[in-house]
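Please open the structure in your viewer and keep the sequence beside it. This tour tells you what to select at each stop and what is there.

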Amino acid sequence: VKYLKTKAQHVVLICPPGVNETQRLQFQIANYKDHATGQLERTNATQKQYSDVCVRVGQELGVSTLDLRVLQKREDWAELQTDGLHMSPQGQVAIWQELCSLLDACIGPVGPMPTDYPIGQMMQQEGWEHIIASHVRENPIEVTQWE
């Protein structure tokens, strides 16, 4: 983070989102059937430990922190994840909106910004490799090497 602060105008630490524990167990049973353990491999208690450290580091180093646990307060929380752990297309959009709101608050209005890469349902289509290649051609980015 200290290195990034020397290279970037603004650094944002992003804490992991919470776990939808009920959805995660349902996913486990649906996918592993008789081999499902019925025990969570990720929990909100563990996730909170990671988020708390991320927030503390952000405060100590003077950088903005986006704590994605805020998403758990939304009415559509269950729709934001596909398996209780990974974000759905709607969840990806929600994270993007939260990030844009944070940037608006920290550095002033940033206006509408496109995502860097196609997200969500676009990536679940057949031929997703073509979608990425087309996006990269239309939206070239400068690649920098880490020193």
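The stops below begin with the whole chain and then move to strands, a helix and pairs of charged side chains.

**Before you start**

What you see is a predicted model, in which local features need pLDDT of at least 70 and side-chain atom pairs count only at pLDDT 80 or more, while totals for chains, interfaces and linings use all residues. Residues are numbered from 1 along each chain as its sequence is written, and side-chain values use heavy atoms, with hydrogens and water left out.

**The whole chain**

Show the chain as a cartoon, and you will find 6 helices and 2 strands, in the order α-β-α-α-β-α-α-α from the N terminus. Here helices (H or I, at least four residues) and strands (E, at least two) are DSSP runs, numbered from the N terminus. Of the 147 residues, 29% are buried; buried means under 20% relative accessible area, exposed over 50%, and partly exposed in between, with a 1.4 Å probe and protein chains only.

**The two strands**

I14 stands opposite L66 in β2. On β1, L13 and C15 form the covered face, whereas V12 and I14 form the uncovered one. In a regular strand the side chains alternate between the two faces of the sheet.

Now select S64, which is in strand β2 and is buried, with a relative accessible area of 12%. Its side chain makes a polar contact of 2.9 Å with the side chain of H10, where a polar contact is a pair of N or O atoms within 3.5 Å; within protein, one must be able to donate a hydrogen and the other to accept it, and residues adjacent in sequence count only if both atoms are side-chain atoms. Leaving aside residues up to four places away in sequence, S64 touches partners including L13, L102 and C106, with contact meaning heavy atoms within 4.5 Å.

**Helix α4**

Select residues 89–107, which are helix α4.

**Charged pairs**

The whole structure holds 7 salt bridges, each a side-chain nitrogen of Lys or Arg within 4 Å of a carboxyl oxygen of Asp or Glu. Select R24 and D83, whose closest N and O atoms are 3.1 Å apart. Because R24 lies in helix α2 and D83 in the loop between β2 and α4, the pair ties together parts that are 59 residues apart in sequence. Both R24 and D83 are buried.

Next, select D52 and R69, another salt bridge, with the closest N and O atoms 3.3 Å apart. D52 lies in helix α3 and R69 in the loop between β2 and α4, so this pair ties together parts that are 17 residues apart in sequence. D52 is partly exposed at 31% relative accessible area, whereas R69 is buried at 19%.

Finish with R56 and E60, which meet in a salt bridge (3.5 Å, N to O) and, being 4 residues apart in helix α3, are separated by about one helical turn. R56 is partly exposed at 45%, and E60 is exposed at 57%.

How values were computed: Expected span 1.5 Å × (residues − 1). Pairing = 2+ DSSP bridges.
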